Amino acid sequence: MKIAVCVKEVPEAGAARRIDPETKRLDRSGEGVLNGFDVNAVEEALRLKESQGESEVVIVSLGPQGALDSLRKALAMGADRALLISDEAAVGSDLVATSRALAAALERESPDLILFGQQSSDSDGAVLWAAVAERLRLPLVSQAAELTVGDGKATVKRQTEFGYDRIEAPLPAVVAVSDAINEPRYPSLKGIMGAKSRPQALLALDEIGLSADHVGEAGSKTEVLALNDPPARGESRRIEDDGTAAQQILDFLVEKKLI
Amino acid sequence: MPTLVFLEHHGGELQKGALGVLAKAASLGEADGVIAGTGVGALAVQARGARKVWVADDASLEAPLPQPRVDVLAKVVAEGAYDTVLFAASVLAADVAAGLAARLDAGLNWDLVDLELRDGTLVGTRPALGDSVNVEVGWKGDPKIALIRSGTFEPATEGGEPEVGNVEVALEDFSTKAKMLEQAHEERSGPSIEDADVVVAGGRGLGGPENFALVEDLAKALGGAVAATRAVVDAGWYPYSAQVGQTGRTVSPKLYVACGISGAIQHKVGMQGANVIVAINKDANAPIFEFSDLGVVGDLHQVVPKLAELVRARKGGG
């Protein structure tokens, strides 16, 4: 079984993230890491590979060349190879453009199963998988808290606002996993050492049948117009309990006329 | 700006969030709604503010799965020449909106907290980078698709009955491949936490299910409802119906007291609309302290019972 996992490199959390007021795009010049939620998807792929046997896990991403460093984490965990669609023209791709690029690369690979993580920590988007599934005309199941594969089907325990659904889809299928699905492994030292020698390919747009018009700002249908300060939430107070915290909370609630 | 609003429904009622988006859309111009499901014709009358409601009623739409709804909406958008399609954010709506965006190669902006028309152009506002900046976003071309953050707009309180039109349902082969084997059925016990003015929530920091007694005690003292994070519901410490977060309820009470909750994004999205947030956690680095109004670094097992006692004394004593 060939399992593709779509991942993204995002700016490191905790580091001061900023939007560049010139380009109105996220400043990605600092350290990048593999999007935390995508690591759950990689882990799930590896578990399936281990239980199914005779499987291949391919990491697919769209990003600048430097993103290969982050993809290597997935290889260090045990993924077999990585494909990075990398082209200057693709900078600033929105959902429409990104899904187009990923779908084109995935089509070449014809995976049996395509996994996504729950959302990206930079744009807080939780929508990409549905757009990719649509472009590939494949069944989609999202918010997977449990996933089993067998007899050519994926069976998912899906988390919704109302409880859990059980949904089944024939392969090939697209499944987006929630971070409740697993605890990802840490790469072993052997894995980290071996990652560099696993195949990592850079794909240019024309290799996946696309041109500059299909991606980046040219290929996007949304735009950022301006950046503003958010409405002030008001001051945020922090106290450490020295035995009087409960009283301080009460005073605060009285002050705010909540009691 | 003829706008179409996706009217999600559950348990025989149109979702409040969707009705809020409909009211907003109606304030900006003509707004129609679309309802997809089985035996849903009777729900159209609930769509206050809609000029017209399209009803796609078919056995194939019984399960709340996204892909058949993409087919329905694509058809309604094309035939009705809508240039804007709005969704109230939910697990289902996100999948439908994004599938529709790919189907129509249309721009999708999500997590919007406001929408306005500036010189006839639609502009959305969304928070970004942990709510530290507000971004104004726009669309290139039509239709313009948007996911509105849950609970942003209030439903209309008045409005006549909308005209109803029926949609002939024709689905793509791939849209019906995913099958619902067993649908979630929520166990509703007690009043809905979504209507509570005060919510006291417990997370993993409680240490064990027995400590929900502390949360319940404080909730009772404050006259509020009890909520729980996904982590503790998954662990079986509290029922699903109390879950607040991305895959649970969204609440916007006057006061939200978070006990032993780290404040991960899936929880945050369910309660960030609260007026006042008080967080108690022994970890000074918990993300919740970034968006709480009063953050208390301390042992909740000490602070919470003491607070409940003080609240009772204050209320009793006057």
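How many residue pairs are in polar contact across the interface of chain A and chain B? The rule finds 36, counting pairs with both residues at pLDDT 80 or more. A polar contact is a pair of N or O atoms within 3.5 Å; within protein, one atom must be able to donate a hydrogen and the other to accept it, and residues adjacent in sequence count only if both atoms are side-chain atoms.

This is a predicted model, in which local features need pLDDT of at least 70 and side-chain atom pairs count only at pLDDT 80 or more, while totals for chains, interfaces and linings use all residues. Residues are numbered from 1 along each chain as its sequence is written, chains are lettered from A and ligands numbered from 1 in the order in which they are written, and side-chain values use heavy atoms, with hydrogens and water left out.

**Stop 1: the interface**

Select chain A and chain B together. In contact (heavy atoms within 4.5 Å) are 76 residues of chain A and 87 residues of chain B. The two chains bury about 7,100 Å² between them, 58% of it on carbon and sulfur atoms. Buried area is the accessible area (1.4 Å probe) that two parts lose on being put together, summed over both.

Next pick A:Glu161, A:Phe162 and A:Arg233, which supply 12% of the area that chain A buries against chain B, more than any other three residues.

Now look for charged pairs. The rule finds seven salt bridges across this interface, a salt bridge being a side-chain nitrogen of Lys or Arg within 4 Å of a carboxyl oxygen of Asp or Glu. Select A:Arg166 and B:Glu182: they form a salt bridge, with the closest N and O atoms 3.6 Å apart.

**Stop 2: strands from two chains**

Show the cartoon. Helices (H or I, at least four residues) and strands (E, at least two) are DSSP runs, numbered from the N terminus. Strand β14 of chain A and strand β10 (residues 133-139) of chain B run antiparallel and are joined by six bridges; two strands pair if DSSP finds at least two bridges between them. On these strands, A:Thr222 stands opposite B:Trp139.

**Stop 3: a helix in chain A**

Over all chains, the search finds 35 salt bridges. Select A:Glu43 and A:Arg47, whose side chains meet in a salt bridge at 2.7 Å, N to O. They are four residues apart in helix α1 (residues 36-52) of chain A, so about one helical turn separates them.

**Stop 4**

Go to A:Leu171 and A:Pro172, joined by a cis peptide bond with omega about 0 degrees. A:Pro172 lies in the loop between β11 and β12 (173-177) of chain A.

In chain B, the peptide bond from B:Asp142 to B:Pro143 is also cis, with omega near -5 degrees. B:Pro143 is in the loop between β10 and β11 (144-148) of chain B.

Last, select A:Arg137. This residue has a positive phi of about 55 degrees although it is not a glycine, and A:Arg137 sits in the loop between α4 and β9 of chain A.
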